[in-house]
Amino acid sequence: MHAQPRNIIVVPRDFAWAQDLTSIVDIVARHFSDFNGNGFYPHPDEVRLQRELRAVPALGRLGALLGRVKARGVAISNLGLGALGEAQRNAVLYAIALCRGFPTSTDQRTRRVAWDVRARAGSERQSRFATFSERVGGADMHTDSSFYPMPEEQFLLYVVAAARCNGGESLLIDVEDVHAELLRSREGRAAYALLSKTALPFRVPSVYAANEEQLEYHMATVFHRPAALDGALAMRWRYDAIVKGLAARPELDNGALRAAVELVNDIVERRAPRFHRQLPDDTLLWADNQRTLHGRAPYSDPERHLIRIRISNTPNADRIGPSGISAD
């Protein structure tokens, strides 16, 4: 049994939506000519829309709740969206995300902001590089958008339908706990130093690439200390993207680098303290994408369904890379 991280918590919703749900949907509908299959897209005037939505009292109270707890991961139970239809529910989730920052498009083709995390039919038989959100089973610990130039700083997950098979628990790890474990051994300290200065190729899953047949990757270090975090430790991690990236760039691979990657993977998958919880229907999970890793326990229920929205601290018009409005 793993120890529990102190910076990841579960809290109940402590406010009432009252008529604000209707107001939120009306505001969003007024600004979008279409909902893009209920997935929305980065709005071209998102700063003005953000100001309007932040004036809605219930959204202000939700923001205050997240601000009070000062955690790196927060699950809010009984959010109160379970009775809404898909369009209305996703409109409210988009509004919640926009009040936290600037929701980004998940892939370069559909530009959807609200991404369905559920098994695709036949995903277990597909040979292409699928992503964790498309298949049943477990998901290794990772940070979102690790294969893009500007990974979003935050993300939301909303549970539409939890797995009914006693599996699919949400997992979260504090990056500081990974670092602490690495510092316990000479090999760990050497791995941390190497992965802090050596850029690795993170391969883009084909579902997110501009063309499913096109091989794309991004070079970046695993550990870094962004100025925006005042020098605090951040992490970029997705083991399968690194392994496939090194396969695509074998001249970058070597024994020391591979040993460092394998050691970090062993720590994040087996040793580090982790939040391990089955989140029930109508739960909202917010997490810091720079200072936590997330994943899920194995499951087999194809009806498990979550909605994910990634959130940048930078407006989409100012972002670099495939997500958001700006071109590569």
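This briefing describes confidence, helix packing, salt bridges and selected residues in the structure above. The model is predicted, with an average pLDDT of 90 over the chain and a score of at least 70 for 90% of the residues. Among the features described below are a contact between helices α1 and α4 whose axes cross at roughly 85°, a count of 19 salt bridges, and positive phi values at Asn38 and at Ser145.

**Confidence**

- In residues 125–129 the pLDDT stays under 50, and for this stretch the model has 16 contacts beyond four places in sequence.
- Residues 324–328 also have a pLDDT that stays under 50, and here the model has 18 contacts beyond four places in sequence.
- Where pLDDT is low, the predicted coordinates should not be read in detail.

**Packing of helix α1 against helix α4**

- Helix α1, formed by residues 20–31, and helix α4, formed by residues 86–100, have axes that come within 9 Å and cross at roughly 85°; α1 is therefore roughly perpendicular to α4, since crossing angles of 65 to 115 degrees are put in that class.
- On the α1 side the contact is made by Leu21, Ile24, Val25 and Val28, and on the α4 side by Gln88, Ala91, Val92, Tyr94 and Ala95.

**Salt bridges**

- Arg61 and Asp20 meet through their side chains in a salt bridge at 3.9 Å, N to O; the pair links distant parts of the chain, with Arg61 in helix α3 (residues 57–69) and Asp20 in helix α1, 41 residues apart.
- With a relative accessibility of 36%, Arg61 counts as partly exposed, whereas Asp20, at 13% relative accessibility, counts as buried, the limit for that class being under 20%.
- Between the side chains of Arg72 and Asp174 there is a salt bridge at 2.6 Å, N to O; because Arg72 lies in the loop between α3 and β2 (73–77) and Asp174 lies in strand β7 (residues 170–174), this pair ties together parts that are 102 residues apart in sequence.
- Both Arg72 and Asp174 are buried.
- The side chains of Glu181 and Arg271 form a salt bridge at 3.3 Å, N to O, and the pair links distant parts of the chain, as Glu181 belongs to helix α5 (residues 175–182) and Arg271 to helix α8 (residues 255–271), 90 residues apart.
- Arg271 has a relative accessible area of 39% and is partly exposed; together with Glu181, Arg184, Asp266 and Arg270, Arg271 is linked in a network of salt bridges.

- Met141 is located in strand β5, which spans residues 139–142, and counts as buried at 1% relative accessibility.
- Although Met141 and Ile173 are 32 residues apart along the chain, their C-alpha atoms are separated by 8.1 Å.
- Apart from its neighbours within four places in sequence, Met141 is in contact with Leu171, Leu172, Ile173, Trp237, Val268, Glu269, Arg274, Leu293, His294 and Gly295.
- His2 is found in the segment before β1 (8–12), and its relative accessibility of 27% makes it count as partly exposed.
- The C-alpha atoms of His2 and Ala272 are separated by 7.3 Å, while the two residues are 270 residues apart along the chain.
- When neighbours within four places in sequence are left aside, the residues in contact with His2 are Arg270, Arg271, Ala272, Pro273 and Arg274; of these, Arg270 and Arg271 also belong to the salt-bridge network that includes Glu181, Arg184 and Asp266.

- Asn38 has a phi near 65°, a positive value in a residue other than glycine; the residue is placed in the loop between α1 and α2 (46–54), and with a relative accessible area of 17% Asn38 is buried.
- Ser145, likewise not a glycine, has a positive phi of about 55°; Ser145 lies in the loop between β5 and β6 (154–161), and counts as buried at 1% relative accessibility.

Conventions. Residues numbered from 1 in each chain as written. Predicted model: local features only at pLDDT ≥ 70, side-chain atom pairs only at ≥ 80, totals over all residues. Heavy atoms only, no water. pLDDT = per-residue confidence, 0-100. Contact = heavy atoms within 4.5 Å. Axes fitted to C-alpha atoms, helices over the stretch in contact; angles between N-to-C directions. Helix = DSSP H or I, 4+ residues; strand = E, 2+ residues; numbered from the N terminus. Parallel < 35°, antiparallel > 145°, perpendicular 65-115°, else oblique. Salt bridge = Lys/Arg side-chain N within 4 Å of Asp/Glu carboxyl O. Buried < 20%, exposed > 50% of the residue type's maximum accessible area, 1.4 Å probe, protein only.
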